[in-house]
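Hello,

Here is the structure I promised to pass on, with some notes on its helix packing. Have a look at it first, then read on.

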Amino acid sequence: MEKKPFVTLEQLEKITKDFPTPFHLYDEKGIIENAKRVQEAFSWNPGFKEYFAVKATPNPAILKILKDCGFGTDCSSATELMMSEAVGFSGHDIMFSSNDTPPEEFKMADDMGAIINLDDFTHIECVEQVLGHIPETISCRFNPGGVFEISNGIMDNPGDAKYGMTEEQIFEAFRILKEKGAKRFGIHAFLVSNTVTNDYYPMLAGELFELAVRLEKETGAKVAFVNLSGGVGVPYRPEQEANDIFAIGEGVRKAYERILVPAGMGDVAIYTEMGRFILAPYGCLVTRAIHEKHTYKEYIGVDACAVNLMRPAMYGAYHHITVMGKENAPCDHKYDVVGSLCENNDKFAIDRMLPRIDKGDLLVIHDTGAHGFSMGYNYNGKLRSAELLLKEDGSVQLIRRAETPQDYFATLDVCEEMKKYL
Ligand SMILES: *Cc1c(COP(=O)(O)O)cnc(C)c1O
């Protein structure tokens, strides 16, 4: 599938007059249309709720859009809980799916009325200690171990993952939690990240539904929801085929009809915690070519670097690049597109065939709407960029200003000489 930016060169030239590059830009229209598709794909399940994984794109303006689409939030830290509450999410609109959780964060989540999803068996005791009770609604994270396979082969290795409880532990957890007063139970699992196949959710749902039936039968605990968590991916590469959320929703429905309905569990709600699928394609990193360098390879130096988008440096992840205004030019130049960090992995693209790039050209780095800005850091004293929202009406809203040196220095105990920079 051809990858086209959601913004034109003309629009970008206008935007960059007010906001210097680099910045992350989000597409409100695309976000809303996609959110509506997600809601529709699971509308067969009356209790369905998507809890957007805040870590993917922690910005209140984005969360507000998703709230208006009927989504909740999935949080894993105190600041994500605070942001959710400030945007107006409350009670069961918030899922607290954390791991290695600081005990006081269980308290904070419970005070907000959020649903707590326990990553480990030993957290039962921790929660009881810090809250003084066990919440009536509670969820447990499951890890089946081994490898997770679907039709086209092994997808990932849950047995190596630090998350979740074993099957034996989850049965014991349900018994204990029920004894201690829990009334509505959930089960959760996240086995594979960025799946570009329509089979992942239906396969996972099948496994969790069967587990839910056994759990309810053997422990008498009422399973109220099954949380399929995240992991639904996006085609970062143009040759990949995008997931069809309607086929995914239908696949989950079939498993539901096959397993839960005959077991008399046709009232179980389906929850999801997608981050990437909800936001990744609807954000991009806009950067400008500021240098070209010809040594043993051809380099284009841009004004963004890995602190603005860590995925290529961290995982060797592919992010498609469009050289704006040269969409139809032949890709007859082989470049490494690099940032300015003193780290040789600071490369947005390696040996990428692109049109000839001239200094001053604007580059759009695609699919940075999730796990893009949010994975940013400050290495080399580099500052985090701005985040902008391209609104449905074509206007642009600054939803996070760029960091300044003052921000970077703000946490230091500064000496007299540094005060002139603050
Ligand atoms: C990261 C994460 C998600 C979101 O994952 P995506 O791959 O972005 O969909 C959901 N739930 C939990 C618990 C996570 O850690």
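Helices H2 and H9 are roughly parallel to each other, a label that covers angles under 35 degrees. This is a predicted model, where local features need pLDDT of at least 70, side-chain atom pairs count only at pLDDT 80 or more, and totals for chains, interfaces and linings use all residues. Residues are numbered from 1 along each chain as its sequence is written, and side-chain values use heavy atoms, without hydrogens and water.

Helices here are DSSP runs of H or I with at least four residues, numbered from the N terminus. The axes of H2 (residues 28-41) and H9 (residues 245-260) come within 8 Å and cross at roughly 20°; axes are lines fitted to C-alpha atoms over the stretch in contact, with angles from 0 to 180 degrees between N-to-C directions. On the H2 side, Arg37, Val38, Glu40 and Ala41 make the contact, meeting Ile245, Phe246 and Gly249 of H9, where contact means heavy atoms within 4.5 Å.

H2 also meets H3 (residues 60-68): their axes come within 10 Å and cross at roughly 35°. Here Glu28, Ile31 and Ile32 of H2 touch Ile62, Ile65 and Leu66 of H3.

Finally, H8 (residues 200-219) has 20 residues and should span 28 Å at 1.5 Å a residue, which agrees with its end C-alpha atoms being 28 Å apart; the expected span is 1.5 Å times one less than the number of residues. After H8 comes Gly220, with a positive phi near 75°.

Best wishes

Notes: Helix = DSSP H or I, 4+ residues; strand = E, 2+ residues; numbered from the N terminus. Parallel < 35°, antiparallel > 145°, perpendicular 65-115°, else oblique.
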